[in-house]
Amino acid sequence: MKEGIRGIFLHGFMSFAAVCVTVACLLIVGTFSSLIYNLNIMVEELNMTNEVLAYVDEELSDAEARSVGTTINRVDNVLESNFVSREEALQNFIADYENPAAFDGTDPMTLQHRYVIVLKDNRLLTETMEDLWEVPGVVDVVAFDELAEGFSTIQDVLHIVSIVVIAVLLVVSLLIISNTVKLAMYDRRDEIAIMKMVGATNGFIRFPYVVEGFCLGMMGAALAFGLEWLMYDQLVARINAVDTLQLFNFVPFQQLLLPMIATFAAAGLFVGVVGSWTSIRKFMNV
Amino acid sequence: MIEFTDVTKSYVEGNHALRGVSMQIEDGEFAFLVGPSGSGKSTIIKLITGELRPTSGSVHVNGYSLSRIRKREIPYLRRTVGVVFQDFRLINNKTVYENVAFAMRAIGAREKEIRARVPYILELVGLENKSRRHPNELSGGEQQRLAIARALVNNPSTIIADEPTGNLDPAMSLEIMSLLQEINNLGTTMLVVTHAKDLVEHFGKRVISLNEGMIAHDGMDGYYTYED
């Protein structure tokens with residue numbers, strides 16, 4: 001154990017290089033993941049505001065119109081439905097205009113009772129709309145389906161892109177770190193050969209290097225985490241300063257704290273331990 | 001004890017390094033292994049230290065059968081065999097003391113044992129006053145003494161010295177060979193690979209001569225050459 005920790009200081013430059021590479025790669029992965037996470041949340045929020053309107057047959061009485069909701073709620077993929085009477089609909093309509101007086105005397109009967117429906121999964125919008133058409137008492141179903149489909153496409157593309165980019169970055173980081181550790185091992189091949197010569201077991205030879213890899217990985221992860229936090233806060237503050245329309249709504253870093261700590265620690269551990277374990281194998285065949 | 005029985009060793013390229021070698025070196029014995037380049041001396045050392053396995057025949061070293069040894073047993077075999085090389089193979093960024101202590105740490109010795117044993121071994125090889133120096137501050141002879149100290153510190157029953165005087169002048173060579181003889185007198189089996197005919201004749205020990213992978217001569221009657 002002591003040898004492993006001593007090794008970090010003894011091989012200063014290589015240790016510094018390994019930590020820097022870990023920090024750089026984790027920063028890229030971390031930044032990209034938090035960006036994707038935020039975009040996902042924003043798309044979800046936009047999606048939630050995308051509602052379907054089901055208009056009720058004018059021939060039905062108020063009581064009958066209200067009972068249609070029970071059938072609507074039974075349709076698959078319907079998360080919730082809210083009954084909006086023609087009076088409420090008119091009020092909402094008037095409230096959207098700057099000069100409500102212009103609508104004085106408008107008869108609510110010109111409008112229809114309707115249900116405002118929120119879906120569980122907007123990707124199934126077309127199918128759900130067809131199901132809603134089948135509901136007795138529903139005469140029209142309206143949704144901005146092109147917009148909804150657009151959101152779904154963005155979400156799908158984001159998922160695929162994020163998986164690919166994170167996977168590529170992780171592989172690249174592992175390769176770079178494994179190479180850095182290999183260089184450090186090459187630097188110490190004589191020591192390893194001597195240890196083998198005097199009868200050290202493979203496990204005993206490996207242990208200090210794995211401890212060293214673990215410490216370097218964790219140091220890299222801790223540094224990357226601190227920098228990520230700083231960068232994230234700075235970036236969000238700057239975006240919020242220019243984004244007066246509040247188009248972007250980033251979650252505070254505290255919300256990402258636990259997953260970020262877990263990911264960075266796991267990546268640091270994996271990269272440090274696996275990197276040193278696999279690189280040392282080559283030097284063990286003496 | 002080192003025992004070779006009808007040992008052959010062939011490399012993948014079809015090169016036959018050893019052809020039917022049989023020999024026995026008893027515990028506490030001192031033997032020279034001589035022969036021209038390519039005669040199979042290095043192959044014998046590698047077979048003794050478990051770096052190679054024989055193609056046929058059997059090799060027994062200090063109770064281990066090298067034909068059947070498991071990979072995980074090899075470190076324990078190596079603890080019974082100390083090796084000294086022509087090029088010393090010291091760690092230049094460690095002090096004399098640390099170079100020797102490193103060999104003890106490598107097999108998991110405790111610090112208390114190390115603090116007691118290393119000064120004793122350094123005194124045995126005459127380096128007690130140089131423990132804080134680094135290898136590059138030592139003469140060739142002193143570096144070889146340090147390498148011997150490192151080979152000796154884990155108390156192996158056998159020492160294999162591969163051309164230990166190859167990089168030294170005649171006076172230093174004699175000094176090193178005398179040191180190896182002193183260690184042998186303390187009970188350690190000694191196998192010295194060398195080209196130094198004068199030294200071999202000076203010490204009058206058993207000489208095993210190899211030629212083209214076979215034992216050409218084995219006896220107490222001095223250096224044997226192929227031309228003889």
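**Entry 1: the sheet in chain B**

I started with E1(B) and E4(B), which pair in the antiparallel sense over five bridges. I kept in mind that this is a predicted model. I then looked up Glu3(B): its bridge partner in E4(B) is His60(B).

Next I asked what order the strands of the open sheet take in chain B. I read E2-E1-E4-E5, four strands with antiparallel pairing. I noted the general rule too: strands of a sheet pair through backbone hydrogen bonds, either parallel or antiparallel.

Which strands are at the edges? I found E2 (16-25) and E5 (64-65) of chain B there, each pairing on one side only.

**Entry 2: E4 and E5**

I moved on to strand E4 of chain B, residues 56-61. E4(B) pairs with E5(B) in the antiparallel sense, over two bridges. I looked up the partners in E5(B): Ser65(B) for His60(B), and Tyr64(B) for Val61(B). I saw that His60(B) is also the bridge partner of Glu3(B).

E4(B) and E5(B) form a hairpin with two residues between them. Asn62(B) lies in that turn and has a positive phi of about 45°.

**Entry 3: where the chains meet**

I turned to the contact between chains A and B. Chain A puts in ten residues and chain B twelve residues. On the side of chain A, helix H7 (residues 189-197) gives the most, with five residues. I sorted that side by class: six nonpolar, two polar and two charged residues.

Notes: Residues numbered from 1 in each chain as written. Chains lettered and ligands numbered in written order. Predicted model: local features only at pLDDT ≥ 70, side-chain atom pairs only at ≥ 80, totals over all residues. Pairing = 2+ DSSP bridges. Contact = placed C-beta atoms within 7 Å. Nonpolar A, V, L, I, M, F, W, Y, C, P; charged D, E, K, R; others polar.
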